[in-house]
Structure formats: structure tokens, C-alpha cells
Amino acid sequence: TSGRQIFQPLHTLRNAEKELLPGYHQFEWQPALKNVSSSWDVGIIDGLSGWTTFVEDVPADTISRRFRYDVALVSALKDLEEDIMEGLRERGLDDSICTSGFTVVVKESCDGMGGVSEKHGNGPAVPEKAVRFSFTIMSVSIRVEGEDDGITIFQEPKPNSELSCRPLCLMFVDESDHETLTAILGPVVAERKAMMESRLIISVGGLLRSFRFFFRGTGYDEKMVREMEGLEASGSTYVCTLCDSTRAEASQNMVLHSITRSHDENLERYEIWRKNPFSESADELRDRVKGVSAKPFMETLPTLDALHCDIGNATEFYKIFQDEIGEVYQRSNPSREERRRWRSTLDKQLRNKLKLKPVMRMNGNYARRLMTREAVEVVCELVPSEERREALKRLMDLYVQMKPVWRSTCPSRDCPDQLCRYSYNSQQFADLLSTTFKYRYDGKITNYLHKTLAHVPEIIERDGSIGAWASEGNESGNKLFRRFRKMNARQSKTFELED
């Protein structure tokens with residue numbers, strides 16, 4: 001807010017800055033990518049390019065800009081060139097013989113950003129919503145002759161920072177507008193598919209080396225996963241994007257579930273839904289395909305999004321606090337007036353004792369402050385019965401022990417004890433919910449609570465971490481996007497100090 005604009009328009013950038021943008025470094029693919037041009041000096045392109053329109057098609061009414069996926073990946077790798085060379089040296093590998101066998105693992109994130117309209121600007125009139133798609137290079141490893149396992153030579157130390165999260169595509173679209181979203185991301189999906197069947201040849205440290213890529217779409221919130229994978233929306237009876245459990249089953253058996261869903265299976269189920277080969281009724285058919293009722297569009301990796309898990313569970317605890325203040329366990333259906341009264345009592349208490357302002361929609365920071373032992377102490381001051389206070393404290397205590405396991409970037413290093421105890425803690429937690437708090441969990445449970453209790457150990461066993469694969473980097477990037485937009489669309493200096 002110094003009044004100096006630090007982000008310059010593209011044409012005024014110096015050469016040193018242009019090197020950091022996609023389209024600067026030369027590369028080739030072997031074999032050449034299917035349906036993707038072999039030119040490498042491609043900068044920002046129109047997000048609708050690569051989308052062929054037919055006469056009947058209504059052209060997508062949106063503004064969108066993106067980089068070509070392969071060009072952006074090359075730029076990201078060249079940015080890590082020094083780290084890669086350093087990694088080879090540290091592992092005692094002779095870089096002159098390490099020219100092939102490199103593997104790059106990429107995390108993909110995509111998130112809708114809500115309204116981004118001008119406060120008072122002179123930019124073009126655009127739809128009020130935006131979606132950002134970005135990727136993070138998580139690790140680079142190399143396979144050496146005679147070794148079975150790859151040796152990791154680069155690991156992203158801050159996988160959730162906006163600094164490691166590289167924007168690929170910005171679009172003014174509402175994330176619920178499935179048609180437009182898929183039209184714009186269609187070419188991205190096609191490029192990604194082509195790259196998986198080919199090797200990239202680029203110069204790193206003065207020698208040509210070949211890289212192959214693995215893409216893991218984990219930085220999506222549940223809404224986006226359901227949209228991309230063809231599942232019903234999050235209020236569905238099919239509560240989970242990882243297993244086939246229904247909400248009622250998940251509230252009966254809170255802990256024992258395993259991951260069964262996958263992109264390929266969703267595609268098969270969609271075909272069954274479309275063809276109805278056994279001529280079943282709508283209900284029978286829906287039960288057979290477990291709520292897959294649209295064509296899966298983009299492969300995501302079934303995981304749990306740590307940030308939204310935080311938020312979802314905090315929302316749930318907030319409601320439990322409210323119910324406990326009103327002693328709902330003793331009575332059935334209280335009126336809306338009563339509920340409102342408990343809620344304002346709770347808000348007042350949190351504001352006075354913890355400086356927590358009431359928020360419209362739960363956000364990450366509020367959730368992190370609410371899910372602490374001190375917050376539960378403060379709430380307990382409003383709970384009449386000693387027995388219920390103990391139960392609430394026990395519940396929070398278990399939660400606080402479980403949380404680092406799905407938040408930390410590397411749980412086996414950062415919180416090995418909590419990781420070992422996770423299954424036991426989640427079982428205790430579930431028992432408490434299904435007895436003391438039965439009034440809330442009779443036949444229903446929230447999506448993220450189910451995942452927290454049932455799926456965390458299995459995902460960690462598979463990926464080694466949940467926190468590292470979360471969508472936070474992309475979310476922080478959204479904040480930057482908003483800021484650039486306010487500054488770039490309005491080059492007058494008069495409003496610079498308003499925020």
C-alpha cells in the first residue's frame with residue numbers, strides 16, 4: 001500500500017523477469033504430444049483456445065486466460081534447476097550420467113473464488129465469479145541403474161505456500177456452471193493426458209535430460225471433487241467421495257470403512273447409469289451406481305482436503321456447542337427462537353473471552369481458533385451439567401490429538417505418536433459421539449467428520465501425508481489474485497490506501 005504498483009503489465013517486464021514466465025525455455029517431447037503443437041515459445045493463451053466450436057454450440061460467454069500445460073511445467077522445472085542439481089550433488093550422483101529416469105510428481109488444485117467484481121474500477125464488465133486452476137511440483141526423483149527405488153532429489157519444503165503454487169488457468173466462471181467449466185478445462189485435461197504418455201526433454205544444468213510426469217489432483221474441495229467425478233452434490237445420501245457408504249451407514253459404523261471409489265470405477269458406473277442394462281427402477285439404479293449420475297470429467301485422487309476438513313469439523317463442533325448450551329440432549333426439537341438465543345449466547349462468550357468475532361461462513365482461521373482446548377473451556381462455562389462438560393472436554397481432547405495427523409506435511413516425522421494412536425483415538429471419538437452425543441448422530445453425520453474418522457490412516461498409508469496434498473496453496477493464491485485484480489484493473493492511485 002505504498003502507492004507504488006509492483007506488478008507491471010507483461011510488455012514492460014525485463015528479460016530476467018520474462019525467464020520466469022512460461023514460453024521462455026526450449027524443450028521437446030518424445031514422442032511428440034498428441035494434438036498439442038510442438039512450438040515451445042507460447043506465452044499466455046486464451047483459455048477458450050483448443051476448444052472447437054460447432055455450428056450448434058453456443059460459444060462460452062466468459063473471459064479466460066491460461067498457459068499451455070507443458071510450457072508451464074517446463075517453466076516450473078527450470079525454476080527448480082538449481083535445486084535439482086544441488087539434489088544430485090547431495091546424493092553423490094554424477095550429473096553427467098543422470099540424463100534420464102527423472103520422475104516429477106505434480107499436485108493439481110482447482111477452486112472457485114466467489115465474487116471478484118471491481119469495488120469501483122474501470123475494468124471490463126465480467127461475471128462476478130472466478131475459478132483458478134494451478135499446480136505445484138511436489139517432488140523430483142531419479143531412478144539409477146541397478147536400484148529398484150527412485151532416489152528423491154527434490155522435495156517441495158512448503159507444499160502449501162502460494163509461492164510453490166503456480167497458476168495455470170484463470171477463468172471468470174461460476175464453479176457451479178459445469179458446462180463452461182468443463183469446456184475451459186477440457187483442453188487442460190487433454191494436454192495432461194498426452195503428457196502422461198510421453199517424456200519431456202529439457203536442458204537442466206547444461207545437459208539434456210528426460211522427465212516423466214505423474215499428476216495427482218488432490219487440491220480440490222469436496223464440491224469440486226464431486227463435480228469433476230460425476231457424483232451427486234454434497235447433500236447426497238452417498239456421504240463420501242472415497243467410499244460407497246450412505247449417510248445412515250456412516251453414522252452407525254463411524255470408523256470401519258475403506259477407500260473404494262476411483263476415477264475408472266466412476267466412469268464404469270456412469271455408463272451403467274446411462275444405459276441401465278438391468279432395466280431397474282430409478283432408486284435401484286441409483287443404489288447400484290452409488291450416486292454417480294454424471295460423466296466424470298477429470299481424474300482426481302480420492303483424498304481428504306485438510307483445510308476444508310478443519311472447517312467442516314469446526315462448523316460441526318460449533319453446532320454441538322450450541323446444542324449443549326441449550327441442553328438439547330434432554331428435549332426434542334427446540335424452536336428456532338431458542339436456537340437463535342443459544343447461538344448469540346455462544347457468539348457473545350467467544351467474542352468476550354477469545355476475541356472471536358462471529359463469521360458469516362466459517363473460515364480457516366476461525367476454525368483453527370475454535371478447535372482448541374481453551375475454546376472448549378470457555379464454552380463449558382455456559383454448559384450447566386458437570387457430566388456434559390467432561391464429555392465436551394474429552395471430545396475436544398481427542399480431536400486435538402487427531403488433528404496434527406491430517407494437518408502436518410509429514411506426520412511420521414512431525415507427530416509419530418499421534419499417528420500411531422490415530423485409529424484408537426478415532427474409535428474413542430466415535431464411541432463418544434454415538435453414546436453421549438447420540439442426539440446429533442442418529443442416522444446422520446457430516447461428510448468431513450465421516451472422512452476424519454474413517455479414512456485418515458488409509459490415506460496416510462498410501463500417500464505418506466494428507467496436509468501436504470491439501471488445497472491451501474491455491475487458496476492463498478486466490479488472495480493474491482484478488483489483490484492484483486484490484487490494483488491492475490484500476491491504475492489510479494486514489495484507492496490504493498483503502499485497504
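**Buried, bridged and in contact: reading the terms**

User: Why does aspartate 323 count as buried?

Analyst: Its relative accessibility is 3%. Buried means under 20% relative accessible area, exposed means over 50%, and partly exposed lies in between (1.4 Å probe, protein chains only). So aspartate 323, at 3%, is buried.

User: What kind of model is this, and which residues count?

Analyst: This is a predicted model: local features need pLDDT of at least 70, side-chain atom pairs count only at pLDDT 80 or more, and totals for chains, interfaces and linings use all residues. Residues are numbered from 1 along each chain as its sequence is written, and side-chain values use heavy atoms, with hydrogens and water left out.

User: Why is arginine 339 called partly exposed?

Analyst: Its relative accessibility is 31%. That value falls between 20% and 50%, so the label is partly exposed.

User: How do you know that aspartate 310 and arginine 368 form a salt bridge?

Analyst: Their closest N and O atoms are 3.7 Å apart. That is within 4 Å, so the pair passes.

User: What does this pair tie together?

Analyst: Aspartate 310 lies in helix α9 and arginine 368 in helix α11, so the pair ties together parts that are 58 residues apart in sequence. Aspartate 310 is buried at 1% relative accessible area, whereas arginine 368 is partly exposed at 31%.

User: What makes glutamate 472 and arginine 407 a salt bridge?

Analyst: The N to O value is 2.7 Å. That is within the cut-off, so they count. Glutamate 472 is in helix α18 (residues 472–488) and arginine 407 is in helix α13, 65 residues apart. Both residues are buried. Shared partners join Asp310, Arg368, Lys403, Arg407 and Glu472 into one network of salt bridges.

User: How many salt bridges does the whole structure have?

Analyst: The search finds 39.

User: Why is cysteine 410 in no disulfide?

Analyst: A disulfide is a pair of cysteine sulfur atoms within 2.5 Å. The structure holds zero of them. For cysteine 410, the nearest cysteine sulfur is that of cysteine 415, 8.7 Å away.

User: Buried or exposed: what is cysteine 380?

Analyst: Cysteine 380 is buried, with a relative accessible area of 3%. In helix α12 (residues 373–380), Ala375, Val376, Val378, Val379 and Cys380 are buried.

User: How many residues of domain 1 and domain 2 are in contact?

Analyst: Eight residues of domain 1 are in contact with nine of domain 2. Contact means heavy atoms within 4.5 Å. The domains are 10–228 and 306–468, with bounds from an automatic or database domain assignment.

User: What is the area buried between domain 1 and domain 2?

Analyst: About 610 Å², with 35% given by carbon and sulfur atoms. In domain 1, Arg216, Asp221 and Glu222 lose the most area to domain 2, together 60% of what that side buries. Buried area is the accessible area (1.4 Å probe) that two parts lose on being put together, summed over both.

How values were computed
Helix = DSSP H or I, 4+ residues; strand = E, 2+ residues; numbered from the N terminus. Salt bridge = Lys/Arg side-chain N within 4 Å of Asp/Glu carboxyl O.
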